[in-house]
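Today I opened my notebook to look up charged side-chain pairs.

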Amino acid sequence: DPNSGLKKSLTSSKQRLKALQQQLSTVQQESERQDLFESRNSGEGRQGYVGLTQAAREDRDRFEQVTARLDRSSEALLDSRRTLAETEEVAMSISENLASNRSLIIGAHERVTATGGLLG
């Protein structure tokens, strides 16, 4: 049968095509994986984004934005803590001055009372 030779050839070609497609898929996955690792290790700038999918770039951009926002928040918290420490220091100084002034006023009041008792 002349068609049997063609069928065998077609079957063989289909198997080769399937094997080549699997090989292509494997190579693409390895290439994407390598691109991801290279982009992670490439350092600064946008050079690391070459080879990334649009979704991966968007995820990375969001991650960088969130990280920057967290850094700014951390810096603001540190500034607030420094301000709080300075405020506590000033409050303690004021409290000590008030206590000193109070004792001076009480001493002056006692002297006035003692002097008034002598005069009067």
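Entry one. I began with the term itself: a salt bridge is a side-chain nitrogen of Lys or Arg within 4 Å of a carboxyl oxygen of Asp or Glu. I also noted that I am working on a predicted model. Side chains of opposite charge can pair when their charged atoms come close.

Entry two. How many salt bridges does the structure hold? I found 3.

Entry three. I looked up D59 and R62, whose side chains meet in a salt bridge at 2.3 Å, N to O. Where do D59 and R62 sit? Both belong to helix α2, which covers residues 54–119. They are 3 residues apart there, so about one helical turn separates them. I then checked accessibility: D59 is partly exposed at 43%, and R62 is partly exposed at 45%.

Next I turned to R82. Its salt bridge with D79 has the closest N and O atoms 2.3 Å apart. R82 and D79 are 3 residues apart in helix α2, so they too lie about one helical turn from each other.

Which residues does one network join? Salt bridges with shared partners link E75, D79 and R82. I looked up the pair of E75 and R82 as well, and their closest N and O atoms are 3.3 Å apart.

Notes:
Residues numbered from 1 in each chain as written. Predicted model: local features only at pLDDT ≥ 70, side-chain atom pairs only at ≥ 80, totals over all residues. Heavy atoms only, no water. Helix = DSSP H or I, 4+ residues; strand = E, 2+ residues; numbered from the N terminus. Buried < 20%, exposed > 50% of the residue type's maximum accessible area, 1.4 Å probe, protein only.
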